[in-house]
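User: I would like to learn how to read a structure like this one, feature by feature. Where do we begin?
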Amino acid sequence: MAQTTLIDKLAILSDAAKYDASCASSGSTKRDSSKTKGIGSTEGSGICHAYAPDGRCISLLKILLTNFCIYDCVYCINRSSSNVARARFSVDEVVELTLNFYKRNYIEGLFLSSGIIRNSDYTMEEMVRVARKLRLEHGFAGYIHLKTIPDASPALIEEAGLFADRLSINIELPTDLSLGALAPEKAPRDIKRSMGHLRLKIEEHKGEKKDRARPKKFAPGGQSTQMIIGADGSDDDAVLSRSENLYGNYRLRRVYYSAFSPIPDASSRLPLAKPPLMREHRLYQADWLMRFYGFERGEIVSGGIGGMLDLSIDPKLAWALKNRGRFPVDVNRADRETLLRVPGFGTKAVDRILSTRRHRTLRLDDVAKLCHSVERVRPFVSALDWSPGGLTDREHLRPLVAPKAEQLSLF
Amino acid sequence: MFVASLVAPADFEGWRSAARTALALGIEPEHMSFSVEGEAGELFAEPLPPMPKGTAPAFVPRAFPDLAGLLVCNSDPERFRLAYRLLWRLQNEKALLEIVSDPDVSRAQEMAKAVRRDSHKMKAFVRFREIETPEGRHYIAWFEPFHHVVELTAPFFMRRFTGMVWSILTPKRSVHWDGVELDFGPGASADQKPADDDMEALWLTYYASIFNPARLKVKAMQAEMPKKYWHNLPEAALIDPLIKGAEAAARRMIENAPTLPSLRHEKNAERMMAQRGLDEVFAGFNKRPDDLQEAREQAKNCRACPLWEPATQTVFGEGPADAPVIFVGEQPGDQEDLAGHPFVGPAGKVFDAALAAAGVDRRQAYVTNAVKHFKFEPRGKRRIHAKPNMGEVKVCRWWLQIEREMIRPKLIVALGATAAASVLGKTVTIRDTRSRLIDLDEGTKLLVTVHPSYILRLPDAAAKAREQAAFEEDMALAKDFVPEIALG
């Protein structure tokens, strides 16, 4: 094969990485380079250094170590049966690229993933070498996210956790059965066992309050995963129930949903269509409701029809329209949990309401100042000078509160 | 009308001392103004007199200095007056800052938010370029903030790039770091911006390649990376061509017919298939396992009841294949499910403590569960233990029977009612069966006791101690009957 230049490799190996949704660089421990005189810092919340025209943030240098792969997962562009151009970075190339990009403030750190070459342990060992070199030889204090190989040996995963801020293992599909069908070499059992192992390690390294000596940091940014939406026939209920399972079983920080997007040289077993971006968006909203708004999966799914979320309105509004008996909510008396269920109130608006109403009784005008759009919340709340009367129960409420249908255009 | 003059556009210290003086003099907010040196100030205003001696310090809630600190960085000409008006009002309205719907408070918060956002965007969008100087490498950036955020944001760059020598030039302020201290200076002009370095081509390649043309969302991009910042971002020049080419690129991905896999792949696939075929025979279900190890492998794939899917893994029994005693619990818990070993969680700790107290060596015994998958209900980020039903116990008995037949122990200790039901094949109560040796078959006796998690869940300490002692007595009973399991 002809010698490929660094720039060619970068083009191939970042192109191959663009199907992974995660790019977060948040949630790790605070650290900086003021003592080490090196470079790098993480200050809790991540920074997005650029945005691609697909609306996704670029926070980390997201690349594959190599896109050669012995596996043949149907949905993956790097599967062994696809004829895409292949390339492989050396460990040093990844280290240099990361440091150079970081010094120019292009990125927050590195997100390294890889196709599986030779075997799982060999591949994992190469990824750990990159992280080890960055941390130990260059004193790099930026963010490192490693995508671990599920059946790599526990010792390698444990070493990875000592260098990385976050570890992740992709669950890929909403059910074990569809994973078995589309990713014949990936065993759901290995993925779950690996996640379980990670959770135990992360908890072990957190230590107890009473411990004198702080244990070494182990993946302080926790673990995350990605699920591909729309490559198989699973409905939203199956997707959300998988997420619920993952959050509960393995304390994941995030489950990323990635609308299946057509890939070059795709297998004929896949849907050839535009990615269902709206479905992905609704799933993120539903996920948010489960994690921060006290909704249960059953409640969210019941807002839609037949196990699918309503694509035209957000899941909280869909739930509210089907549960009008719970409204209107009195903004001056309702508790936090109840306020969080009002469509149009986010956690910030609820905090502002609770803070302000300790000092004055709220009128609808006040509410307007505290939330994003008073028009949306009007039918669902009552205030000192406002009661929606029959509005809440009106048959044609939906068109009043639903966003206007937009003409889709490309620019 | 009074005026206080400030030395810099975001001179918080200057504002603070002037505001204190004005407050002490009782100057009402309408009569107070501030002017920054070099900018046009209020006409006909007289300079602020000195602070009267012996003035008591002004009251402010803890949140105010932070808010005012951000507020004065805003480019709005009214910022200093608004900060002073808040300070004035806070003297009588102590909870003012919590009333977010108040016009002054909400305006101040919006202005502070704009400053925070601009500072955040500075952290994100500053792009350094490297130049070689006789003293070494120097990283220089040109940036145009919308508010006065250079002083506010510079410490971030200092903490992040401690080991580099760098400068950030902006139209109104500049800041330099030489590895030891931050040095602020006057503004610079755009022509001092350095030429691109050899990394920029790589960065542009990365930017173009990481974009997925099938997911175009231009609005989402612009919400976070407003156009006003684009002219200083090298990658922004790529945005338009990428958008224009997206539709065609996405169409190409869909329209191009899949190619045939390479020969290398075919060979690999064949080899993998052969390998996997063997694994499946090994773990096959058509065949009764010959030994415990084979049973353990088979059980990993067990889907006899629906508990397999939500659980992490099958937790099979562990211990010597010729153990004289089998301890049977109910089912693995949260920790057991993650670790893949029986009795390693909180109930396992109680169990281990009781064994130690009774002088039993756990390593000499075989420890297992009636049901081999963890049954639970998800509740937010927790899993609530759910009791297995008789159907699940019955199906899973298949594995317990195999364990029993292969190990042929002298004694089976059933921990709790579920275990007892599984061993006996019928429901019994702990009260009727506990603490005596029951004949199972010619070689094996059964001892029924409580499950250690029962002790764990007792709320009152006295009951806990009583039950712990009774449980230890049961363990001692087991040891007396089978002395081989005693600690050596």
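Analyst: We will go through the chain interface, helix packing, sheets and some backbone details. Keep in mind that this is a predicted model.

User: Start with the interface. How many residues of chain A are in contact with chain B?

Analyst: The size of an interface is often given as the accessible area lost when the parts come together. Here 97 residues of chain A are in contact with 86 residues of chain B. The area buried between the two chains is about 8200 Å². Carbon and sulfur atoms give 57% of that area.

User: Which residues of chain A lose the most area to chain B?

Analyst: A:Tyr51, A:Pro53 and A:Arg104 do. Together they account for 10% of what the chain A side buries.

User: Now helices. What describes a packed pair?

Analyst: Two packed helices are described by the angle between their axes and the distance between the axes. Take a pair across the two chains: helix α1 (residues 6-15) of chain A and helix α6 (residues 199-210) of chain B. Their axes are 8 Å apart, at an angle of about 25 degrees. Angles under 35 degrees count as roughly parallel, so α1(A) and α6(B) are roughly parallel to each other. Their crossing is right-handed.

User: Which residues make the contact of α1(A) and α6(B)?

Analyst: From α1(A) come A:Leu6, A:Ile7, A:Leu10, A:Ala11, A:Ser14 and A:Asp15. From α6(B) come B:Ala201, B:Leu202, B:Thr205, B:Tyr206, B:Ser209 and B:Ile210. By class, this contact has eight nonpolar residues, three polar and one charged.

User: Give me a pair within chain B. At what angle do the axes of α12 and α17 of chain B cross?

Analyst: Helix α12 (residues 346-358) and helix α17 (residues 461-481) of chain B cross at roughly 60 degrees. Their axes come within 8 Å. The angle makes α12(B) and α17(B) oblique to each other. This crossing is right-handed. Residues of α12(B) in the contact include B:Val350, B:Phe351 and B:Leu355. On α17(B), B:Phe471, B:Glu472, B:Met475 and B:Lys479 are among them. The contact of α12(B) with α17(B) divides into 10 nonpolar residues, one polar and two charged.

User: How far apart are the axes of α1 and α3 of chain B?

Analyst: The axes of helix α1 (residues 12-24) of chain B and α3(B) are 11 Å apart, and the packing angle is about 45 degrees. That makes α1(B) oblique to α3(B). The crossing is right-handed. B:Trp15, B:Ala19, B:Ala22 and B:Leu23 of α1(B) meet B:Phe80, B:Ala83, B:Tyr84, B:Leu87 and B:Trp88 of α3(B). The residues of this contact are nine nonpolar, no polar and no charged.

User: On to sheets. What is the strand order of the open three-stranded sheet in chain B?

Analyst: The order is β2-β1-β3, with parallel pairing. In chain B, β2 (32-36) and β3 (46-47) stand at the edges. Each has a single partner strand, so one side of each is left without a neighbour in the sheet. Helix α3 (residues 79-90) of chain B packs on this sheet and touches β1 and β2 of chain B. The direction of α3(B) makes about 145 degrees with that of β2(B). As for the pairing, strand β1 (residues 2-6) of chain B and β2(B) share five bridges in the parallel sense. B:Leu6 stands opposite B:Val36 in β2(B).

User: Are β7 and β8 of chain B parallel or antiparallel?

Analyst: Antiparallel: β7 (residues 173-177) and β8 (residues 182-186) of chain B pair over five bridges. B:Arg173 has B:Pro186 in β8(B) as its bridge partner. The hairpin of β7(B) and β8(B) has four residues between the strands, and B:Gly179 there takes a positive phi near 95 degrees.

User: Which residue other than glycine has a positive phi, and where does it lie?

Analyst: B:Arg408 has phi near 50 degrees. B:Arg408 lies in the loop between α13 (390-407) and β13 of chain B.

User: Last one. Is the peptide bond from A:Phe327 to A:Pro328 cis or trans?

Analyst: This bond is cis, with omega near 0 degrees. A:Pro328 lies in the loop between α10 (315-322) and β9 (329-330) of chain A.

Methods: Residues numbered from 1 in each chain as written. Chains lettered and ligands numbered in written order. Predicted model: local features only at pLDDT ≥ 70, side-chain atom pairs only at ≥ 80, totals over all residues. Heavy atoms only, no water. Pairing = 2+ DSSP bridges. Contact = heavy atoms within 4.5 Å. Axes fitted to C-alpha atoms, helices over the stretch in contact; angles between N-to-C directions. Parallel < 35°, antiparallel > 145°, perpendicular 65-115°, else oblique. Left-handed = near helix turned anticlockwise from the far one by under 90°. Nonpolar A, V, L, I, M, F, W, Y, C, P; charged D, E, K, R; others polar. Buried area = accessible area lost by both parts, 1.4 Å probe.
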